[in-house]
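Student: Could you take me through one part of this model closely, namely a strand and the partners it pairs with?

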Amino acid sequence: MASRQWCEGHSTPVLCVGASGGPEGLLASGSEEGEVTVWNQEGAVLASLRLPSGDDVTSAVFSPVTPGLLYVSHGEMVSVLDPRSLKGAVEELQGAGEEEINSLALNEMGSALAVADDSGAVRVLELPGGKVNRTLRRHTNIVSSVAFRPLRPNNLVSAGLDMQVMLWNLQKTRPLWTLNLQEVAEEEEDHQQKAGQLFNPPLAHCVSVATCGNVLACAAENGRVHLMRVGSGSRLDQQGSIKAHSQGASQAHFLSFLPHPYWLATGGNDGMVALWDLSQNPVVTVEDKGKPQAVPAHRRRPKASAKAKLQSQAKPKSLQAKEEEEVEEGSSADQSPGTEEALKSGPKLRFSHGDKVNWVCPTLLRGEPSLVVADQSPNLSVYSLAGL
């Protein structure tokens, strides 16, 4: 699939991309060694800045209510920048993380910033000012991703390398529920495993929430994207998964600008990018089939905890080729045990980006639905979704 290249914004590999929802439609990207670049919708560099710390920029998020605020994480700090005048930090939130920060999320009101870091803690900072309002400690390893639930500014989802996904009410210090992806994966392996097949652990890399606020997606190291539906009382009503990638799935982001909220973009260490229509997935459509059975939240700790940030584990070429062939043939719609129905088809769109995917950012560029993809290079690739 053809892409447009956005170049000359970075000298090091891009690690994260964020898109503004404001009328200016700015994009921001962060890379290794502290580089931040702001782009317009045509892919022209408006400004670049190298942060004094020189630490890798791991997350970049625009304020949903204040066009002049961009939050970027680097090391244990969060810098508040003005994307319209990128001359230096407007404010520094020192010690926002206890250790290196991996992910930032803002609630819809722009009044709370969630910070996930290597210590396993999630801190929630009041805005403006950056005062730590709450520290959430239930993960037993690195927290890799956080996301607020739309329409519910006090609800937060976190995911980490302890293979846990947790839903929090910020008025409490315990999660409302915890889903153990390792237990889910073990059930799937018992159900589906073939002789000689190998599996990566389901380390959770990226979590996203659909605009309806009730459907979650989590990209995991085993190549699956785990889906969860939150029901009344914020309980976990249903869960399942799709086999999305032949190696670790590093990215999963819902799109907010297509006809329904259940379009999901994924990217992986296999260099593939995919777009899924989940509107017919049993996890999403469960409300249409009568009262759903609650899925018990798994609370047992994983048998083996990852002690460092793990990269994609090597697989035999024959296995990798076989998995890629299965995905191409549409077997990517495998469901977890207990779900009788499978998706009617695989991804609506699937293409080889050609390099390990660091970030996928869905956005509208000049009114055209697009995916901005960052990889191991200093450039960004832009793919059009026109015609969907």
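Tutor: What follows is a look at one strand, its pairing and a loop beside its partner. This is a predicted model, in which local features need pLDDT of at least 70 and side-chain atom pairs count only at pLDDT 80 or more, while totals for chains, interfaces and linings use all residues. Residues are numbered from 1 along each chain as its sequence is written, and side-chain values use heavy atoms, with hydrogens and water left out.

Strand E28 covers residues 380-384; strands (E, at least two residues) and helices (H or I, at least four) are DSSP runs, numbered from the N terminus. Because 4 of its 5 residues are buried, E28 is largely enclosed by the rest of the structure, where buried means under 20% relative accessible area, exposed over 50% and partly exposed in between (1.4 Å probe, protein chains only).

Two strands count as paired if DSSP finds at least two bridges between them. Strand E1 (residues 4-6) runs antiparallel to E28 and is joined to it by 3 bridges, with arginine 4 having valine 382 as its bridge partner in E28. Strand E27 (residues 368-374) also pairs with E28 in the antiparallel sense, over 5 bridges, and here leucine 371 stands opposite tyrosine 383. E27 and E28 form a hairpin, with 5 residues between them.

Arginine 366 lies in the loop between strand E26 (359-365) and E27. Arginine 366 is exposed, with a relative accessible area of 55%, and has a positive phi of about 55 degrees although it is not a glycine. Most residues other than glycine have a negative phi.
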